[in-house]
Amino acid sequence: MTSQRDVFEVSGPVHLTSVNWNCLHYQRSVVASLVQGAYVLERDRQQNRQGSEARAPPWWESFHFEVIRKLIDDSDFSIFGAIYEYRPPVSFQYSTATKAPRFVIVFRGTITKKESVSRDVKLDLHLLRNGLHQTSRFEIAMQAVRTLVSAFGHQNVWIAGHSLGAAMVTLAGKIMAKEGMNLKAFLFNPPFFSAPIERIKDKKVKQGIRIASSFITAGLTLAVKGPRHKSDSFTKLSSWVPYLFVNQADDVCSSYVGYFDHRKKMEEIGAGNIGKLATQNSVKDLFLSAFGMESESLHLLPSANLTVNSSPAPDFKHAHGIHQWWRPDVDLQSKVYLFD
């Protein structure tokens, strides 16, 4: 039986009768719809919905995109992403469509159905161990990104993902940024694995924990890497400003709120250098480094355009879901953080 969440006419951004590609609100809504298209493509495959029964096409066709390639996992043969090409009508030639992407590469997150859950959960575990870059799914994704960028230029390629897919976008975006190519990236509910500090209601207690954590992390960094250590990798990434979309009630990604906001707080108390040092390292990575094992947590980002959804969420499914990012009635606040 088809879930109503798969049906564009019921759950999709049908209110977008036209798209202003100069506006981040429209960009966010359409790109989130394209990511949902990858989810529904896989569910169509699992339920053998073909032809007129397929539910996926309206998620991209409604905005004049076409799927030019499905990204297939080599382990379970599930569809984990798609490459879209924007093909607007001729009448759009002189409209804001000129600001639209030529291509969008998207990656879905975990699907908890028997046909794909085993493979997806294994990838989630790789992500927890900072080993996503060693998986064949990411290799396929990265090859797709490199091929398209090589053929059409990085200015013509956007990348986007949700949850596990957002982690893949983060990793791919970091790799390309280190090579001098900053791809426009949309990260919906990107994973940030840490203690759920955002749940603490008392602001003073929460801030105290963050300050103490920064001093501990900075101290460990000096002990493990030495006082003259500089993170050239972090500096190279500073010009890449991905778009992050997080929900304050989602424990998977809400720590990004404190991660970026805390830098300013550290500067205000005269500990800006300690804050900068801490924001470039994680305790887990430092411990692994002390034993000769290199590791880099994905959540360590120098810069970002962070959008936070503060609307009440009835449960985790709503707080972590992709559907919230095209709803017109959500309470969103955006702020740009640039690493100096």
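Reader: Is the crossing of α5 and α6 left-handed or right-handed?

Author: The crossing of α5 and α6 is right-handed. In general, a crossing is left-handed if the near helix is turned anticlockwise from the far one by less than a right angle, and right-handed if clockwise. The model is predicted, so local features need pLDDT of at least 70 and side-chain atom pairs count only at pLDDT 80 or more, while totals for chains, interfaces and linings use all residues. Residues are numbered from 1 along each chain as its sequence is written, and side-chain values use heavy atoms, with hydrogens and water left out.

Reader: Thanks! At what angle do the axes of α5 and α6 cross?

Author: An axis here is a line fitted to C-alpha atoms, for helices over the stretch in contact, and angles run from 0 to 180 degrees between N-to-C directions. Helices (H or I, at least four residues) and strands (E, at least two) are DSSP runs, numbered from the N terminus. The axes of helix α5 (residues 136-152) and α6 cross at roughly 50° and come within 10 Å. That makes α5 oblique to α6; angles under 35 degrees count as roughly parallel, over 145 as roughly antiparallel, 65 to 115 as roughly perpendicular and the rest as oblique.

Reader: Which residues make that contact?

Author: Contact means heavy atoms within 4.5 Å. From α5 come Arg-137, Phe-138, Ala-141, Met-142, Val-145, Arg-146 and Val-149, and from α6 come Leu-164, Met-168, Leu-171, Ala-172, Ile-175 and Met-176. They divide into eleven nonpolar, no polar and two charged. For those classes, Ala, Val, Leu, Ile, Met, Phe, Trp, Tyr, Cys and Pro count as nonpolar, Asp, Glu, Lys and Arg as charged, and the others, Gly among them, as polar.

Reader: And how do α9 and α10 pack?

Author: Helix α9 (residues 255-268) and helix α10 (residues 272-279) have axes 7 Å apart and an angle of about 155°. They are therefore roughly antiparallel to each other, and their crossing is right-handed. Tyr-259, Arg-263, Met-266 and Glu-267 of α9 meet Gly-272, Ile-274, Gly-275, Lys-276 and Thr-279 of α10. This contact holds three nonpolar, three polar and three charged residues.

Reader: Let's turn to single residues. Is Asp-120 buried or exposed?

Author: Buried means under 20% relative accessible area, exposed over 50%, and partly exposed in between (1.4 Å probe, protein chains only). Asp-120, in helix α4 (residues 117-128), counts as buried at 0% relative accessibility. Leaving out residues up to four places away in sequence, Asp-120 touches Arg-108, Gly-109, Thr-110, Ile-111, Arg-137 and Leu-164. Arg-137 and Leu-164 also take part in the contact of α5 with α6.

Reader: Where is Ser-163 found?

Author: Ser-163 is in the loop between β4 (157-162) and α6 (164-178). Its phi is near 60°, a positive value in a residue other than glycine. Ser-163 is buried, with a relative accessible area of 12%. Asn-48, in the loop between α2 (24-46) and α3 (58-61), also has a positive phi, of about 55°, although it is not a glycine.

Reader: How far apart are Gln-280 and Leu-300?

Author: They are 20 residues apart in sequence and 6.1 Å apart in space, C-alpha to C-alpha. Gln-280 sits in the loop between α10 and α11 (283-290) and is buried, at 16% relative accessible area.

Reader: Finally, how many disulfides are there?

Author: A disulfide is a pair of cysteine sulfur atoms within 2.5 Å, and by this rule the count is zero. Cys-253 is buried, with a relative accessible area of 0%, whereas Cys-23 is partly exposed at 25%.
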